[in-house]
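Notebook open, structure loaded. I want to look up a helix contact and then some strand pairing.

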Amino acid sequence: MASLTHSPAWNALEAHARAGKAIHLRDRFAADHARFSAFSLDAGPIFVDYSKQCVDAETMRRLFALARQQDVESNRDAMFAGQHINRTERRAVLHTALRDRLDRAVFDDGKDVMPGVRDVLRRMREFSNGVRHGEIRGFRGGVFTDVVNIGIGGSDLGPLMVVEALEPYRTDRLRSHFVSNVDGAHLARTLQALNPATTLFVVASKTFTTQETMANAAAAREWLVQGLGDVRSVEHHFVALSTNLEATGRFGVVPARVFEFWDWVGGRYSLWSAIGLSIALAVGMDRFDELLDGAYEMDEHFRRAPLEANAPVILALLGVWCSNFLGIDTHVALPYDQSLHRLPAFLQQLDMESNGKRVDRDGLPVDYDTGPVVWGEPGTNGQHAFFQLLHQGTRICAADFIVARDTHYPVGNQHQLLLANCLAQSRALAFGKTETEARHELERQGATADATAELAPYKTFPGNRPSNTLVLRKLTPATLGALIALYEHKVFVQGVLWNIGSFDQWGVELGKQLAPEVLSRLRGESSAGPMDASTEGLVAKLTTATTAR
Ligand code: F6P
């Protein structure tokens with residue numbers, strides 16, 4: 001394939017970006033009163049406004065031409081059809097099968113995966129109902145009061161983010177905890193308030209070999225056995241969610257307490273699988289089903305809507321436009337919803353682990369930027385922290401504002417305040433305040449001529465900083481499912497546009513490989529050879545008692 005950067009669609013976009021560089025969003029809005037309706041759409045239960053992006057109709061035409069040139073539609077169909085599009089791991093990518101709500105077959109290597117999917121969902125329902133209703137109990141007969149999910153990355157962030165988001169649907173009788181960090185503080189602090197007799201551990205790990213998770217699970221098992229004084233308690237208090245049934249058995253989880261998933265479910269795409277058991281325990285299986293329904297609705301939108309009306313495709317194209325043609329290399333996720341406070345962290349893994357790649361699908365180095373730096377915080381807190389840089393810094397960040405029309409928490413008029421802040425911020429980013437406007441404002445406030453001249457530059461906002469606004473009717477299991485699926489597909493489309501494989505993660509391996517060598521040095525064991533001087537020096541600092549101050 002010709003290099004992407006020399007392809008017709010790419011060149012056309014570059015020329016268009018050069019020609020339109022000077023056009024400010026103020027001018028774009030002034031020139032086109034139908035801009036809001038032209039650049040917004042409904043995707044299932046989510047409304048997407050992208051009118052505050054630095055685009056016009058011609059930009060969008062050229063972006064859709066890029067999507068067609070890169071075969072987005074056939075790549076999408078290949079994913080849904082179970083083709084092995086995860087080339088380097090030689091796997092299908094079928095997280096969509098986990099939420100397929102139709103009674104149809106989905107094949108991987110000629111085998112219908114759906115009977116297995118349905119069976120695990122049925123078992124998740126049985127088990128979560130049993131625990132929630134107090135029928136499935138601890139070793140000494142205690143009703144479970146606390147569930148501790150032990151996992152990391154996709155085996156933590158997805159379920160954690162969803163459980164936090166669906167707080168209004170949770171029951172007080174069963175508290176949820178998530179332990180991910182290998183730092184003993186995370187487990188120790190979680191366990192200190194818990195009673196082993198009423199605590200259920202859910203060990204979530206696709207591979208069941210991840211060092212952090214295995215260390216935490218082993219420590220939790222010890223805590224349990226010590227607390228209950230009997231090793232037989234493990235089979236009553238431990239559940240495993242994994243593809244590695246041999247390893248779960250070795251750990252001591254009985255087969256009836258293992259919830260399986262499959263290698264065609266990527267870690268960061270796994271909350272829809274057995275990895276979602278902590279969600280089902282927290283909010284009930286009916287709500288979990290609604291989450292799947294919402295994701296399915298977005299899947300159908302992604303599958304069937306023409307590119308020009310396809311929200312994941314449009315968001316992906318806008319991301320590429322910002323990053324590769326406008327030079328904006330960070331993307332900030334701003335949920336104006338406290339319940340979505342872990343969404344930025346979830347999106348960070350989804351996007352950066354999927355598209356933080358430097359070679360293309362043919363193994364050749366790319367000569368263009370791929371995945372952006374993704375970060376974020378809920379509004380309004382971010383406004384009092386990093387929004388200064390968003391508004392007046394020298395770096396431009398593309399922003400996604402995410403907000404729900406209705407709230408679960410009608411406290412005074414606070415929801416209106418939240419909505420007002422959300423809209424005000426995207427408006428300020430887009431339109432800014434000119435130096436002339438800043439001067440007039442100062443004059444109106446009675447500032448002297450000297451003070452006006454001095455302060456006007458500080459009170460000027462350049463604007464023209466692009467954002468999308470995603471509006472949910474209300475944060476429910478279904479709308480949340482749709483929102484997550486929207487981002488999953490956006491990330492996938494971007495991978496196709498950049499011709500990179502979004503479903504492997506080789507970049508996490510080197511650190512994992514090096515850790516054992518460093519560990520043996522920290523333990524004072526001899527290793528194959530000396531490490532670099534910096535690491536040797538730091539090992540000495542960390543292991544020599546006299547250096548600690
Ligand atoms: O190290 C990265 C990673 O492999 C992620 O892709 C994954 O979500 C996480 O680790 C956890 O892996 P596992 O579920 O196998 O423990």
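**Helix contact**

I started with H15 and H20: Leu343, Phe346, Leu347, Leu350, Asp351, Ser354 and Asn355 in H15 touch Leu483, Ile484, Tyr487, Glu488, Lys490, Val491, Gln494 and Gly495 in H20 (contact means heavy atoms within 4.5 Å). I sorted the residues of this contact into eight nonpolar, four polar and three charged (Ala, Val, Leu, Ile, Met, Phe, Trp, Tyr, Cys and Pro count as nonpolar, Asp, Glu, Lys and Arg as charged, and the others, Gly among them, as polar).

This is a predicted model, where local features need pLDDT of at least 70, side-chain atom pairs count only at pLDDT 80 or more, and totals for chains, interfaces and linings use all residues. Residues are numbered from 1 along each chain as its sequence is written, and side-chain values use heavy atoms, with hydrogens and water left out.

Next I checked the axes: H15 (residues 343-355) and H20 (residues 477-497) come within 10 Å and cross at roughly 25°. That makes the two helices H15 and H20 roughly parallel (angles under 35 degrees).

**Strands**

Then I looked up E1 (residues 40-43) and E2 (residues 46-49), which are antiparallel and joined by four bridges (strands pair if DSSP finds at least two bridges between them). Asp42 is opposite Phe47 in E2.

Which residue of the E1 and E2 hairpin takes a positive phi? I found Gly44, with phi near 55°, in a hairpin that has two residues between the strands.

E2 also runs antiparallel to E13 (residues 467-474), again through four bridges. There I noted Val48 opposite Leu470 in E13.

Definitions and conventions
Axes fitted to C-alpha atoms, helices over the stretch in contact; angles between N-to-C directions. Parallel < 35°, antiparallel > 145°, perpendicular 65-115°, else oblique.
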